[in-house]
Amino acid sequence: MEDNVELVRSVIAAYFRGDQPAMFELVDPEVVVRQFPDQPDVRDYYGHAGVAEVMSEWIGTWEEWSIEIRSARAVGELVLVDAFQRGLGKGSGAPIEADVTFLFTVRHGKITRWRMFHSEQQALEAVGLNG
């Protein structure tokens, strides 16, 4: 399972250095991305184009956006990533800080599913585990 954690860390590192080809080498072409469950009009995004779209939409709502990865660990066959994001609301300039938890499914050496939550507890409950 530690291999899966390292794979997720590699995908995140590739994203932050702007290396989209390296990132997508480790993401299944049929990946499914799901936004925060309480977000209006929540929907799934599909494939590499879906990953690019959800990231553009998400980061596009912020100015001076940054995210700090606090930890990444295996939870069964899943990888749970705890992070903290901050930025300024685009247009409003309002400072925003929020916890975020990502839950990744890795199969055959590629990320096949990526889900976003506001807390580790919410993520674990979504997959039937207690926090």
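Colleague: Which strand does Gln85 lie in?
Modeller: Gln85 is part of strand E4. Keep in mind that this is a predicted model.

Colleague: Why is Gln85 called buried?
Modeller: Its relative accessibility is 4%, and buried means under 20%, so Gln85 counts as buried.

Colleague: What does Gln85 touch, leaving out residues up to four places away in sequence?
Modeller: The list includes Trp58, Trp62 and Trp65, along with Ile96, Glu97, Ala98 and Val100. Ser66 and Ile67 are on it too.

Colleague: What makes the pair of Gln85 and Trp65 a polar contact?
Modeller: The distance between the two side chains is 3.2 Å. The cut-off is an N or O pair within 3.5 Å, one able to donate a hydrogen and the other to accept it, so the Gln85–Trp65 pair qualifies as a polar contact.

Colleague: On to Val8. How do you know that Val8 is buried?
Modeller: Val8 has a relative accessible area of 0%. Buried is anything under 20%, so Val8 is buried. Val8 sits in helix H1. Its contacts, neighbours within four places aside, are Val79, Val81, Phe104, Val106 and Ile111.

Colleague: Which residues touch the most other members of the largest nonpolar core?
Modeller: Val51, Trp58, Phe102, Ile111 and Trp114, out of 31 residues in that core. Helices H1, H2 and H3 each supply at least two residues, and strands E1, E3, E4, E5 and E6 do likewise. H1 gives the most, six residues. There is also another core apart from this one, with seven residues, among them Leu78, Leu80, Phe117 and Leu124.

Colleague: What makes E1 and E6 a pair?
Modeller: Four bridges join them, and at least two are needed for strands to pair, so E1 and E6 qualify. They run parallel. E1 also pairs with E2, in the antiparallel sense and over three bridges; there Val32 stands opposite Tyr46.

Colleague: How many bridges join E4 to E5?
Modeller: Eleven, and those strands run antiparallel. Asp82 has Thr101 in E5 as its bridge partner. The E4–E5 hairpin has five residues between the strands, and Gly91 takes a positive phi near 90 degrees there.

Colleague: And how many bridges are there between E5 and E6?
Modeller: Seven, also antiparallel. Leu103 stands opposite Arg115 in E6. In that hairpin, with two residues between the strands, His108 has a positive phi near 55 degrees.

Colleague: What makes Asp41 worth a flag on its backbone?
Modeller: Its phi is near 55 degrees, which is positive in a residue other than glycine. Asp41 is in the loop between E1 and E2.

Colleague: Is Asp41 buried or exposed?
Modeller: Exposed: its relative accessible area is 72%, and exposed means over 50%. Glu64 in strand E3 likewise has a positive phi, near 55 degrees. At 67% relative accessibility, Glu64 counts as exposed.

Colleague: Last one. How do you know that the radius of gyration agrees with a compact globule?
Modeller: For 131 residues, such a globule would have a radius of gyration near 14 Å, and the protein chain has 14 Å, so the two agree. The C-alpha trace spans about 45 × 35 × 25 Å along its principal axes.

Technical notes:
Residues are numbered from 1 along each chain as its sequence is written. This is a predicted model: local features need pLDDT of at least 70, side-chain atom pairs count only at pLDDT 80 or more; totals for chains, interfaces and linings use all residues. Side-chain values use heavy atoms; hydrogens and water are left out. A nonpolar core is a set of buried Ala, Val, Leu, Ile, Met, Phe, Trp, Tyr and Cys residues joined through side-chain atoms within 4.5 Å. Buried means under 20% relative accessible area, exposed over 50%, partly exposed in between (1.4 Å probe, protein chains only). Contact means heavy atoms within 4.5 Å. The radius of gyration is taken over C-alpha atoms; the globule rule is 2.2 Å times the number of residues to the power 0.38.
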